[in-house]
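Have the structure open while you read.

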Amino acid sequence: MSKVRVFLTLTGYQLTWLACVFGEIKFNQANLGVYIGFIYLTIYLYFNQNKTNFLIVASLIATPGYLFDTILVYFKVYEFNSSLLIGTLPPWMIILWLSFSTLFDQILTFFKNFKKTGLFLSCISGPLTYYLGEPIGVITINNAILFFSLMIFFWYLLMFYYLNIVLNIVLKRN
């Protein structure tokens with residue numbers, strides 16, 4: 001994967017993340033992240049060399065992530081400070097998970113040779129990213145110990161699942 005492609009993918013995801021998180025809180029635009037994310041995902045899919053693999057990775061990563069968020073919010077481990085919720089989550093969460101899956105499509109594949117590092121970094125970066133939502137004002141954590149325990153466990157499982165199952169499914173298709 002070229003450095004330009006990595007840079008553009010990371011930039012697209014970060015712009016989507018910023019639009020989702022700050023769209024409603026700072027700009028009073030609850031769907032800004034949905035619009036930016038949709039544009040990013042459309043461009044990403046258009047230029048993707050293997051659209052089928054991306055759609056497989058996206059569904060296998062975004063689905064458990066969205067379900068995990070739904071369960072934690074349902075049980076009030078944390079909640080979103082959003083004016084627009086569909087079920088328990090703001091609509092931009094599905095876009096954010098789909099955008100996040102672009103990182104798993106091609107960038108995070110290098111962790112297949114560094115599984116322990118990938119698992120460790122996932123256990124730290126996943127929960128910290130969510131935690132950043134509290135000082136920003138996008139989420140409220142109701143039970144910090146349960147929040148961090150479940151987040152660390154989930155992010156470990158997600159990366160383990162990705163490295164040992166999702167990548168095998170995708171690699172068998174190639």
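This is a predicted model: local features need pLDDT of at least 70, side-chain atom pairs count only at pLDDT 80 or more; totals for chains, interfaces and linings use all residues.

Residues are numbered from 1 along each chain as its sequence is written, and side-chain values use heavy atoms, with hydrogens and water left out.

**Helix pairs**

Helices here are DSSP runs (H or I, at least four residues), numbered from the N terminus. Axes are lines fitted to C-alpha atoms over the stretch in contact, and angles run from 0 to 180 degrees between N-to-C directions.

| Pair | Angle | Axes |
|---|---|---|
| H1 and H2 | about 160° | 7 Å apart |
| H1 and H4 | about 165° | 10 Å apart |
| H4 and H6 | roughly 50° | within 12 Å |

Start with H1 (residues 3-25) and H2 (residues 32-47), which pack at an angle of about 160°. That makes H1 roughly antiparallel to H2 (angles over 145 degrees count that way, and oblique is what remains once under 35, roughly parallel, and 65 to 115, roughly perpendicular, are also taken out). H1 passes H2 in a left-handed crossing, meaning that the near helix is turned anticlockwise from the far one by less than a right angle; clockwise would be right-handed. Among the H1 residues in the contact (heavy atoms within 4.5 Å) are Leu 8, Gly 12, Leu 15 and Ala 19, and H2 brings residues including Gly 33, Ile 36, Tyr 40 and Phe 47. By class, this contact has ten nonpolar, six polar and one charged residue. For these classes, Ala, Val, Leu, Ile, Met, Phe, Trp, Tyr, Cys and Pro count as nonpolar, Asp, Glu, Lys and Arg as charged, and the others, Gly among them, as polar.

H1 also packs against H4, at an angle of about 165°. H1 is therefore roughly antiparallel to H4, and the crossing is left-handed. The H1 side of this contact includes Val 6, Leu 10, Trp 17 and Glu 24, and the H4 side includes Trp 92, Ser 99, Leu 103 and Gln 106. The tally is eleven nonpolar, five polar and two charged residues.

H4 and H6 are another story: they cross at roughly 50° and are therefore oblique to each other. Their crossing is right-handed. Trp 97, Phe 100 and Phe 104 of H4 meet Phe 154, Trp 155, Leu 158, Met 159 and Tyr 162 of H6. That contact has eight nonpolar residues, no polar and no charged.

**Pockets**

A pocket is an open set of points on a 1 Å grid over the protein atoms alone, where a 1.4 Å probe fits, with protein on both sides within 12 Å along at least five of seven lines; lining residues have an atom within 4 Å of a point. Points are joined across faces, edges and corners, and a volume is the space filled by probe spheres set on them.

The largest pocket has a volume of about 620 Å³. Of its 29 lining residues, Tyr 13, Phe 100, Ser 125, Thr 129 and Trp 155 are the closest to its centre. H1, H4 (92-107), H5 (115-136) and H6 (144-173) each supply at least two lining residues. The lining divides into 22 nonpolar, seven polar and no charged residues.

The second largest pocket has a volume of about 280 Å³. Leu 8, Thr 9, Tyr 40, Ile 43 and Tyr 44 lie nearest its centre, out of 13 lining residues. H1 gives the largest share of that lining, seven residues.
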